[in-house]
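Hello,

Here is the model we talked about. Please open it alongside this message; my notes follow below.

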Amino acid sequence: MMAIPTRPRTPTWWWWWRRWTKRDWAIAAVAVTAFLFLLSSLSDDPRRGGGAGARPPAAADLVGLTLLREAGAKGALCLDGSAPAYHFSKGFGSGSDSWLIHIEGGGWCSSISSCSSRAKTKLGSSAYMEQQVSFAGILSSEPSQNPEFFNWNKVKIRYCDGASFSGHPQSEPKDKEGRIFFRGQLIWKALMDELLSAGLSTARQAFLTGCSAGGLATLIHCDDFRELLPKDATVKCLADAGFFLNEKDISGNDTMRSFYHDVVQLQGVQESLNKDCVASKEPSDCFFPEEIIKNIRTPVFLVNPAYDFWQIQNVLVPIGSDPSESWKKCRLNIQACTPSQLKTLQGFRDSLLRAISEFQKSKEGGMFINSCFIHCQTWIGETWHSPNSPRIDNKTIAESVGDWYFNRRAVKQIDCPYPCNPSCYNMNFP
């Protein structure tokens, strides 16, 4: 078997990851988001754009936080009632009339208790969000990091509703003391209205992207996004690590399906899902990407690791499914898996490939399914486009996405099974 090259280890403060309980897994992506922000600092700093035709200056691309205007009047509120927020980097030169919007990830909340706890964090309240964030990877303004989209108008939408921007106020608890707001759909609409007034309405090209729960939000809202823009504009969508599987865990339990059921029921998510699907299936089934992509008309690109560590640790092997802790090492480090465990992981990869088999036949769709033990890969410079980025057929994710978006070639990249790809960035949680 080909050895996987050594990659940087994760920080030691990830010791607590191994202490997750079954109740913790629902908000595990909070940690993922924090880690990926730290990891992005390993890349070269992106550069800020200047005026029309200007090259980006050398200052670090730290982009300030913007609160949504008149959020209260529009009913568009984070879980705690604060105003939603985003970061905006203005395009320049040939990218002045092109827009890239990226939706932040961060898991979901499935109960009043978990949503109340989430409301006291940056994933439920703009009061806790950073005032500035670094734009890297697909958001970078540095041509060497982001050759296709570096000079576009770029927006990072902060995630603060806990249901992939698809919750509805009708499902809010009536108790006004310690009130929680389920306004994901209203947040989406209000944010789009504000961005349309800022220039998105005249976009020549637009690209809606998202990571993890933000990738799921991208799939849910992809066609809505297309309808908002000029008919002659090129509009496409990309979901990064957002293709969550409706699979049983190693104990035979429907952990993820049960969790999604609770999210959908709690926040009235079914109102944002495909009506035909909801009419014929359990509504929570329609929250899974395998069902969503059956009805999307807008071109979509899927970036997904076949061995997504978040899904392995929370869908396939949640801690409650492994009382003997025989999976303890494997779920944190794929290189520590036994042959029988690797066989199970290969079966999980097979499930992903079956779930996207019909989508693979789509003429307009694209995909980059690599065999890495990682989660989101597009908004990190190290994995998006760098000398050390994961590759399939010698193409980085950025190159593959660019080829697809600009119709240079069809892109249906599916990697060989682990451990065949030495370019993978495989996470190792100590």
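This is a predicted model: local features need pLDDT of at least 70, side-chain atom pairs count only at pLDDT 80 or more; totals for chains, interfaces and linings use all residues.

The chain has 430 residues, and 60% of them count as buried. It holds 13 helices and 10 strands.

Leucine 238 has phenylalanine 301 in strand 8 as its bridge partner.

A helix pair

How do helix 9 and helix 10 pack, and at what angle? Helix 9 covers residues 309-316 and helix 10 covers residues 339-355. The angle is about 100 degrees, and the axes are 12 Å apart. Angles of 65 to 115 degrees count as roughly perpendicular, so helix 9 is roughly perpendicular to helix 10.

From helix 9, the contact takes in Gln311, Ile312, Val315 and Leu316. From helix 10, it takes in Thr344, Leu345 and Phe348. By type, the residues of this contact divide into five nonpolar, two polar and no charged.

Salt bridges

Side chains of opposite charge can pair when their charged atoms come close. The whole structure has 19 salt bridges.

Glutamate 130 takes part in a salt bridge with lysine 122, at 2.9 Å from N to O. Glutamate 130 also forms a salt bridge with arginine 158, where the closest N and O atoms are 2.7 Å apart. Which parts of the chain does the pair of glutamate 130 and arginine 158 tie together? Glutamate 130 sits in the loop between helix 3 (112-118) and strand 4 (132-134). Arginine 158 sits in the loop between strand 5 (153-157) and helix 4 (184-197). The pair therefore ties together parts that are 28 residues apart in sequence.

Are these side chains buried or exposed? Lysine 122 is partly exposed, at 22% relative accessible area. Glutamate 130 is partly exposed as well, at 23%. Arginine 158 has 1% relative accessibility; buried means under 20%, so arginine 158 counts as buried.

Glutamate 291 and lysine 294 form another salt bridge, with the closest N and O atoms 3.2 Å apart. Glutamate 291 counts as buried, at 13% relative accessibility. Lysine 294 is exposed, with a relative accessible area of 55%.

There is also a network. Salt bridges with shared partners join Glu148, Lys395, Asp403, Arg408 and Arg409.

Best wishes

Note on methods:
Residues are numbered from 1 along each chain as its sequence is written. Side-chain values use heavy atoms; hydrogens and water are left out. Axes are lines fitted to C-alpha atoms, for helices over the stretch in contact, and angles run from 0 to 180 degrees between N-to-C directions. Helices (H or I, at least four residues) and strands (E, at least two) are DSSP runs, numbered from the N terminus. Angles under 35 degrees count as roughly parallel, over 145 as roughly antiparallel, 65 to 115 as roughly perpendicular and the rest as oblique. Contact means heavy atoms within 4.5 Å. Ala, Val, Leu, Ile, Met, Phe, Trp, Tyr, Cys and Pro count as nonpolar, Asp, Glu, Lys and Arg as charged, and the others, Gly among them, as polar. A salt bridge is a side-chain nitrogen of Lys or Arg within 4 Å of a carboxyl oxygen of Asp or Glu. Buried means under 20% relative accessible area, exposed over 50%, partly exposed in between (1.4 Å probe, protein chains only). Two strands pair if DSSP finds at least two bridges between them.
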